[in-house]
Amino acid sequence: MSAPVRRILIAVSLVVAAASCGLAVEEPRQAARTVAGLEASSTNDRLSTNPVVVVAARGDLDDVATFTSRYVQKAEDVTASRPGVVSEMLVQRGASLDVGDAVAVIRLAPPAELLLRELEAANQSVLLAELTDGDVASLDAARTRAESALTAASSAGLIGPGGPVPVQWNVLSPNQGTLGRLEIGVGSQIEPGDRLFSVVTSTVAQGVGTLPSELVDRVRDETTVDVVQNNATGEAVTGLLRLEPAEEGEAPGRFTIDFNTPPDFDNGARLLVSAVTATIKNAVTLPLDVVRSTADVPFVVVADEATGNQERIEVVLGASTSDRVEIVSPDLEGRTVIGP
């Protein structure tokens, strides 16, 4: 809530309010009986022994849409970058990972062996050129390149007395989290782009859901939202809502929310999301707890500061937040309102 909105409500203590309104503190129920119709209403409509007294004032008010989503831990897929065979698995599903932990060992087709195959293909094409064109210089150049490559591979230890040696590399975790899914096993053939495993990260949180139909046209893409788990009383986590394109035959409004701080939420929990859809300038607002209703007709109890008399006034409500509501009509600015 913005600072200007917080300032639009002025709380007055019971003693001060009673003095300014001409109310007798020791007789709140007698004061209630001066309001027409209250004695016939429900108990909730009567003034309590400790009424809330506020003064309606103007200020900016955010129009807030509230809906639910579901918390999911975000998974990052790791894919193979080179061909090979899985020779060893170092961790199992559910294992806790830190960045750089080795997850699996892949045995590659040795670079020296691949090099020799490429050189053989090159030599064959050059030899064919020699037979057709008599280009002996090209063949000599190819042999020279092949000998240089083999010498370099031997010096690097890629070729030993028994020929090319196997080359292995470790597949490492790119982020911190838990190994959520394994797509490979020992002996699996790996090609570039094959998915190896997924890490459920502990550093990136996400909410998923679909907007109610009445909010589809109100909540914008890339809206900053507040998220609380299961209506918890703790501080809300700030996130960014992104609308997903609707698939064929699918209702619009599917969204994801990325949190900019990792929350201590339970995976799969229901989340309460609040999104500001508009800001009403210079609105008259009151706390929600001073607005009452009978037969679904909202009203407030207004005190006349000069006479101390109270009047029940039906009101038209507008936008609301978690603790405030806009009074569209009548204009109550500066009026003292007494709540239950």
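Reply: In this chain, 71% of the contacts with a separation of 6 or more are between residues 24 or more positions apart; contact means heavy atoms within 4.5 Å. The model is predicted, so to speak, with limits: local features need pLDDT of at least 70, side-chain atom pairs count only at pLDDT 80 or more, and totals for chains, interfaces and linings use all residues. Residues are numbered from 1 along each chain as its sequence is written, and side-chain values use heavy atoms, with hydrogens and water left out.

Me: How many helices and strands does the chain have?

Reply: There are 5 helices and 22 strands. Helices (H or I, at least four residues) and strands (E, at least two) are DSSP runs, numbered from the N terminus.

Me: And what share of the residues counts as buried?

Reply: Of the 340 residues, 35% count as buried. Buried means under 20% relative accessible area, exposed over 50%, and partly exposed in between, with a 1.4 Å probe and protein chains only. The accessible surface of the chain is about 18500 Å², and carbon and sulfur atoms hold 50% of that surface. Such areas come from the Shrake-Rupley method with a 1.4 Å probe; for residues, only the protein chains shown count as cover.

Me: Let us turn to the strands. Which strands does E12 pair with?

Reply: Strand E12 (residues 195–210) runs antiparallel to strand E3 (residues 57–79), and 9 bridges join them. Strand E10 (residues 177–182) is antiparallel to E12 as well, through 5 bridges. A further 5 bridges link E12 to strand E15 (residues 254–259), again antiparallel. Two strands pair if DSSP finds at least two bridges between them.

Me: Which residues stand opposite each other there?

Reply: Serine 198 in E12 stands opposite aspartate 77, and threonine 201 in E12 faces glycine 177. Glutamine 206 has aspartate 258 in E15 as its bridge partner.

Me: What about the open sheet, what is its strand order?

Reply: The open sheet has 4 strands in the order E9-E6-E4-E11, with antiparallel pairing. Its edge strands are E9 (167–172) and E11 (189–190), each of which pairs on one side only. Within this sheet, E4 (residues 84–89) and E6 (residues 102–108) are joined by 4 bridges, and methionine 89 stands opposite alanine 104 in E6.

Me: Changing topic, how many aromatic pairs are there?

Reply: The structure holds 4 aromatic pairs. Tyrosine 71 and phenylalanine 259 are stacked, because their ring centres are 6.3 Å apart and their planes are at 10°. Tyrosine 71 lies in E3 and phenylalanine 259 in E15, so this pair ties together parts 188 residues apart in sequence. Phenylalanine 259 also pairs with phenylalanine 265; the centres are 5.9 Å apart and the planes at 85°, so that pair is edge-to-face. Rings of Phe, Tyr and Trp (its six-membered ring) pair if their centres lie within 6.5 Å; planes under 30 degrees apart count as stacked, over 60 as edge-to-face and the rest as tilted.

Me: Which residues touch the most other members of the largest nonpolar core?

Reply: They are Phe67, Val219, Val227, Ile257 and Phe259, in a core of 18 residues. At least two residues of this core come from each of E3, E13 (223–229), E14 (237–243), E15 and E16 (270–287). A second, separate core has 17 residues, including Ala80, Ile106, Val171 and Val199. A nonpolar core is a set of buried Ala, Val, Leu, Ile, Met, Phe, Trp, Tyr and Cys residues joined through side-chain atoms within 4.5 Å.

Me: Last topic, the loops. Where is asparagine 175, and what does it touch?

Reply: Asparagine 175 is in the loop between E9 and E10, and it counts as buried at 14% relative accessibility. Beyond residues up to four places away in sequence, asparagine 175 touches Glu76, Leu97, Asp98, Val99, Val199 and Thr201.

Me: And where is valine 91?

Reply: Valine 91 is in the loop between E4 and E5 (96–97), and is buried with a relative accessible area of 16%. Its C-alpha atom is separated by 7.9 Å from that of alanine 102, 11 residues apart along the chain.
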